[in-house]
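Please have the sequence and the structure open as you go.

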Amino acid sequence: MLGDWLHRNNVQKAPKSPMTPIPTRAVRRRFLRYKAVVERTGLSKRTIENLVGDRQFVQPVKIGVRAVGFVEAEVDAWIDARITARDESLTVKAEARKV
């Protein structure tokens, strides 16, 4: 019964290994408005709009007649993906120099 509740509410169990990092932020289901996305990403609103149009950024969700929001977890995942791509690029460049 408790296990079902934990699963339904996306509660993560403590890691078994002390070396496994504990997530620092729970997955929250909330919307970020453009201003918050601009602050979080460091991109301008126009750049975000261009990326959305080119399907290179998370797609906004209509939350009102004249309002859109971005799912916070999706924005964070996009940021994490950019960081991962950068790290992989640096690894490839470092390996190329060794050869």
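How many bridges join strand S1 to strand S3?

1. There are two, and the strands, S1 at residues 31-32 and S3 at residues 68-71, run antiparallel. Please keep in mind that this is a predicted model. In this pairing, Phe31 sits opposite Val71 of S3.

2. S3 also pairs with strand S2 (residues 61-62), again antiparallel and through two bridges. Here Lys62 faces Val68 of S3.

3. The largest nonpolar core has eleven residues, among them Leu32, Phe57, Phe70 and Trp78. At least two of the core residues come from each of helix H2 (34-41), helix H3 (45-53) and helix H4 (72-98). With three residues, H3 gives the most.

4. Beyond neighbours within four places in sequence, its contacts are Val37, Arg40, Gly69, Phe70, Glu72 and Val75. Of these, Val37, Phe70 and Val75 are also listed with Leu32 in the core.

5. H3 deserves a view down its axis. Its buried residues are Ile48, Leu51 and Val52. They line one face of the helix, because they fall within an arc of 100° when seen down the axis of H3. In general, residues three or four places apart in an α-helix point the same way, because there are 3.6 residues a turn. Turned away from the buried side of H3 is a face with the exposed residues Arg46 and Gly53.

6. One backbone detail to check: Arg55, which follows H3, has a positive phi, near 60°.

Conventions: Residues numbered from 1 in each chain as written. Predicted model: local features only at pLDDT ≥ 70, side-chain atom pairs only at ≥ 80, totals over all residues. Heavy atoms only, no water. Pairing = 2+ DSSP bridges. Helix = DSSP H or I, 4+ residues; strand = E, 2+ residues; numbered from the N terminus. Core = buried A, V, L, I, M, F, W, Y, C linked by side-chain atoms within 4.5 Å. Buried < 20%, exposed > 50% of the residue type's maximum accessible area, 1.4 Å probe, protein only. Contact = heavy atoms within 4.5 Å. Arc of directions from axis to C-beta.
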